[in-house]
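Please look through the sequence and the model shown here, and then work through the exercises one step at a time.

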Amino acid sequence: MPAHKIDFYLKSSPSLRRLADQARRTAELQQVFLKNAPQPLTQACCVKQLRAGTLVLLADNAAIAAKLKQLAPRLLTAYQKQGVEVTSI
């Protein structure tokens with residue numbers, strides 16, 4: 001059996017293709033977050049998903065979530081400058 005690159009398998013079915021596209025998009029959103037959030041926060045939270053204009057972030061605890069809530073307007077602006085259609089965080 002010949003060796004194939006992972007993209008061969010990811011593109012072999014529509015469901016895997018959608019999953020790979022979603023993973024790439026989440027990684028792109030995470031990169032924007034890493035560039036625009038304070039470094040200590042980036043170690044304690046991550047991007048979960050973008051659904052219907054709402055960006056969902058996962059925080060390690062309530063204190064981190066509260067700080068993210070304070071930073072939401074700044075993060076929202078950063079995502080919009082990148083061309084991401086985010087209306088709320």
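This is a predicted model: local features need pLDDT of at least 70, side-chain atom pairs count only at pLDDT 80 or more; totals for chains, interfaces and linings use all residues.

**Exercise 1.** Find out how many disulfides the model contains, using the distance between cysteine sulfur atoms.

*Solution.* Begin with the cut-off, which asks for a pair of cysteine sulfur atoms within 2.5 Å. For C45, the nearest cysteine sulfur is that of C46, and it lies 7.2 Å away. Because the rule requires sulfur atoms within 2.5 Å, C45 is in no disulfide, and C46 is likewise in no disulfide. The count by this rule is therefore zero disulfides.

**Exercise 2.** Describe the largest nonpolar core and say which element gives the largest share of it.

*Solution.* This core has 18 residues, and F33, V47, L55, L57, L68, L75 and Y79 are those with the most contacts inside it. Two or more residues are given by each of α2 (14-36), β1, β2 and α4 (62-81), and α4 supplies the largest share, namely six residues. Taking Y79 as an example, and leaving aside residues up to four places away in sequence, one finds that Y79 touches L29, V32, F33, V47, L55, V84 and V86.

**Exercise 3.** Locate A52 and state what its phi angle is.

*Solution.* A52 sits in the loop between β1 (45-51) and β2 (54-59), where A52 is exposed, with a relative accessible area of 78%. Its phi is positive, at about 50 degrees, although A52 is not a glycine. Most residues other than glycine have a negative phi.

Methods
Residues are numbered from 1 along each chain as its sequence is written. Side-chain values use heavy atoms; hydrogens and water are left out. Helices (H or I, at least four residues) and strands (E, at least two) are DSSP runs, numbered from the N terminus. Buried means under 20% relative accessible area, exposed over 50%, partly exposed in between (1.4 Å probe, protein chains only). A nonpolar core is a set of buried Ala, Val, Leu, Ile, Met, Phe, Trp, Tyr and Cys residues joined through side-chain atoms within 4.5 Å. Contact means heavy atoms within 4.5 Å.
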